[in-house]
Amino acid sequence: MSKKEWKTYHPSGGKRVVVTKMLPGERWLEILFNAGCRVEVCLSQDILRADEIAAAIGHRCDGAIGQLTEDWDEVLFATLKAAGGRVYSNYAVGFNNVDLVAANRHGIPIGNTPGVLTETTAEMAVALTFATARRVVEADAFMRGGHYRGWLPTLFLGNLMKGGTVGVIGVGRIGAVYARMMVEGFKMNLIYFDLYPNKELEDYIADYGEFLKSRGEMPVTCTRADSVEAVLQTADVVSLHPVLDETTRHLINTARLNLMKESAILVNASRGPVIDEAALVAHCQKHPNFRVGLDVFEDEPEMKPGLNQLANVVMVPHIASATGWTREGMAMLAARNVAGILQGYPAWPDQHNILPFLGRNPPPAAPSIVNAEEVGVPAYSA
Ligand code: DGY
């Protein structure tokens with residue numbers, strides 16, 4: 001295995017920060033320089049193994065920024081702690097790759113990057129919905145293959161979204177924005193499942209329904225289902241937005257796929273293991289009118305055998321948050337998490353209001369520390 005190339009920025013910085021992938025933009029580096037950090041960045045695009053990350057941490061490391069493709073577990077946190085590490089930030093909003101119990105045991109604050117990828121990720125879920133509903137990828141391949149002989153009444157028939165029912169499982173930040181985009185944009189009725197009701201979303205859709213009525217149009221409706229099954233049975237398109245944990249691993253399995261309509265659409269831009277991917281392949285093979293849009297995969301970067309042979313599946317390589325603005329924003333938030341803790345700042349308490357951290361004069365706080373309470377980082381108060 002070849003040795004990965006690393007580059008050091010601001011070598012005179014007194015605090016050493018290890019970053020396992022080059023991040024976009026320049027502001028994140030500036031933030032770390034201004035906090036007195038020397039920054040060592042891995043330039044390789046290969047996913048680093050745990051032993052390579054541990055070697056990079058070495059004997060002295062104050063903080064680290066890592067990726068969702070790396071397992072930050074007991075061994076890495078013990079290594080970071082022994083090297084004098086005081087903070088780790090994931091370059092992602094999701095942190096299922098981080099062993100929080102281990103981080104808490106070692107007293108290491110863990111950062112993530114919420115708020116800047118909500119709309120971006122929801123937009124990709126919408127893109128996958130329509131790419132599958134209207135068979136955009138199949139039709140594109142048809143054109144490129146030189147098969148188009150002229151307009152036909154039955155060429156690439158797809159599914160109309162307007163007036164149908166959209167199902168959302170998990171209406172946190174991203175799920176709720178996807179729901180609104182589909183309801184407002186395409187006048188779909190919403191059915192959702194979440195452990196907690198989303199009153200704000202329900203009120204918004206009720207108001208929008210009244211607005212439509214006042215214009216003489218059919219109002220839209222919002223129903224909170226009491227089970228995942230009810231959503232799957234009812235909806236024409238289902239988008240998955242739960243966090244990945246032991247309760248949501250293989251949430252979508254053979255039995256639940258069998259509950260879905262024959263020509264339903266299933267979209268996943270959350271985490272791959274939420275779907276039993278082998279079961280999904282079998283279901284799609286049996287039901288050619290069932291369509292699927294995937295941004296994430298159970299064993300990334302691998303795909304289960306047969307998945308890439310299916311015409312009724314559209315796939316993109318985990319790029320739902322991949323816009324320049326979002327990825328630069330994520331880099332700034334990860335840098336501010338690390339810089340903030342290394343400067344002794346408290347934790348910002350409001351994850352719904354993270355945008356001040358993208359400006360030039362952010363509050364003196366670490367924007368998003370998910371275990372602040374557990375590791376004793378006080379909350380910021382103005
Ligand atoms: C995240 O931040 O969790 C996303 O999956 C990255 O796109």
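1. Let's start with helix 5 (residues 118-133) and helix 7 (residues 173-186), whose axes come within 8 Å and cross at roughly 50°. That angle makes helix 5 oblique to helix 7, since roughly parallel is kept for angles under 35 degrees. As for hand, helix 5 passes helix 7 in a right-handed crossing. Bear in mind as you read on that this is a predicted model.

2. Who does the touching here? From helix 5 you have Thr118, Glu119, Thr121, Ala122, Glu123, Ala125, Val126, Thr129 and Phe130, and from helix 7 Arg173, Ile174, Val177, Tyr178, Met181, Met182 and Phe186. Sorted by class, the residues of this contact of helix 5 with helix 7 come out as 10 nonpolar, 3 polar and 3 charged.

3. Now the ligand. The residues around it are Leu68, Ala92, Val93, Gly94, Leu117, Arg271, His318 and Ser321. If you have the structure open, those are the ones to display around the ligand.

4. Arg271 comes in with its side chain, a polar atom of which lies 2.7 Å from an oxygen atom of the ligand. With His318 it is also a polar side-chain atom, 2.8 Å from an oxygen atom of the ligand.

5. Next, helix 2 (residues 50-57) and helix 3 (residues 74-82). Their axes come within 9 Å and cross at roughly 5°, which makes helix 2 roughly parallel to helix 3. On the helix 2 side the contact has Ala50, Ile53, Ala54 and Ile57, and these meet Leu76, Thr79 and Leu80 in helix 3. The class count for this contact is 6 nonpolar, 1 polar and no charged.

6. Then there is a pairing between helix 1 (residues 27-34) and helix 12 (residues 324-342). The axes come within 8 Å and cross at roughly 10°, so helix 1 is roughly parallel to helix 12. Arg27, Trp28, Ile31 and Leu32 in helix 1 meet Ala331, Met332, Ala335, Arg336, Val338 and Ala339 in helix 12. Here the contact of helix 1 with helix 12 has 8 nonpolar, no polar and 2 charged residues.

7. Two backbone details to check by eye. A cis peptide bond joins Glu300 and Pro301, with omega at about 5°. You'll find Pro301 in the loop between strand 12 (291-294) and strand 13 (313-315).

8. The other one is His10. Its phi is near 55°, a positive value in a residue other than glycine. And where does His10 lie? Look in the loop between strand 1 (6-9) and strand 2 (15-19).

Technical notes. Residues numbered from 1 in each chain as written. Predicted model: local features only at pLDDT ≥ 70, side-chain atom pairs only at ≥ 80, totals over all residues. Heavy atoms only, no water. Axes fitted to C-alpha atoms, helices over the stretch in contact; angles between N-to-C directions. Helix = DSSP H or I, 4+ residues; strand = E, 2+ residues; numbered from the N terminus. Parallel < 35°, antiparallel > 145°, perpendicular 65-115°, else oblique. Left-handed = near helix turned anticlockwise from the far one by under 90°. Contact = heavy atoms within 4.5 Å. Nonpolar A, V, L, I, M, F, W, Y, C, P; charged D, E, K, R; others polar. Near = heavy atom within 4 Å. Polar contact = N/O pair within 3.5 Å; in protein donor to acceptor, adjacent residues only side chain to side chain.
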